[in-house]
Amino acid sequence: MSTVTYSCAFCGEDNDVLVDPSGGSRQTFTEDCAVCCRPNLITLAFGDDGTVRLDAVQEYEA
Ligand SMILES: [Zn+2]
């Protein structure tokens, strides 16, 4: 388990999220921002070399 920091898609504040590579090489889940409490849709992609890529988008798009 390790922690990845992402910027909230709504307010831009940094959030820490725990990531677990054993959950699969590609994971999608919703994480509420600790600052504005709005839901970010998180996509995680783990590389073969141990790198992790994180994308955060607004869960509800207009
Ligand atoms: Zn936020």
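**Before the close-ups.** Two strands count as paired if DSSP finds at least two bridges between them. Keep that in mind as you look around this predicted model.

**View 1. Here is the bridge partner of Asn-40.** Look across to strand 5, and the residue you want there is Gln-58. Strand 4, which covers residues 39–46, pairs with strand 5 in the antiparallel sense. How many bridges does that pairing run over? Strand 4 and strand 5 share seven bridges.

View 2. The strands sit in the order 3-4-5, and their pairing is antiparallel. Strand 3 (26–32) and strand 5 (52–58) are the ones at the edges. Each has a single partner strand, so one side of each is left without a neighbour in the sheet. Going from one strand to the next, the twist averages 25°.

View 3. What order do the elements follow from the N terminus on? They go β-β-β-β-β. That makes five strands and zero helices.

**View 4. Now for size and packing.** The C-alpha trace spans about 35 × 20 × 15 Å along its principal axes. Does the radius of gyration agree or disagree with that of a compact globule? A compact globule of 62 residues would come out near 11 Å, and the protein has 12 Å, which agrees. Buried residues make up 8% of the 62 residues. As for contacts between residues at least 6 apart in sequence, 32% of them join residues at least 24 apart.

Definitions and conventions
Residues numbered from 1 in each chain as written. Predicted model: local features only at pLDDT ≥ 70, side-chain atom pairs only at ≥ 80, totals over all residues. Helix = DSSP H or I, 4+ residues; strand = E, 2+ residues; numbered from the N terminus. Axes fitted to C-alpha atoms, helices over the stretch in contact; angles between N-to-C directions. Rg over C-alpha atoms; globule rule 2.2 N^0.38 Å. Buried ≥ 20, exposed ≤ 12 C-beta atoms within 10 Å, placed from the backbone. Contact = placed C-beta atoms within 7 Å.
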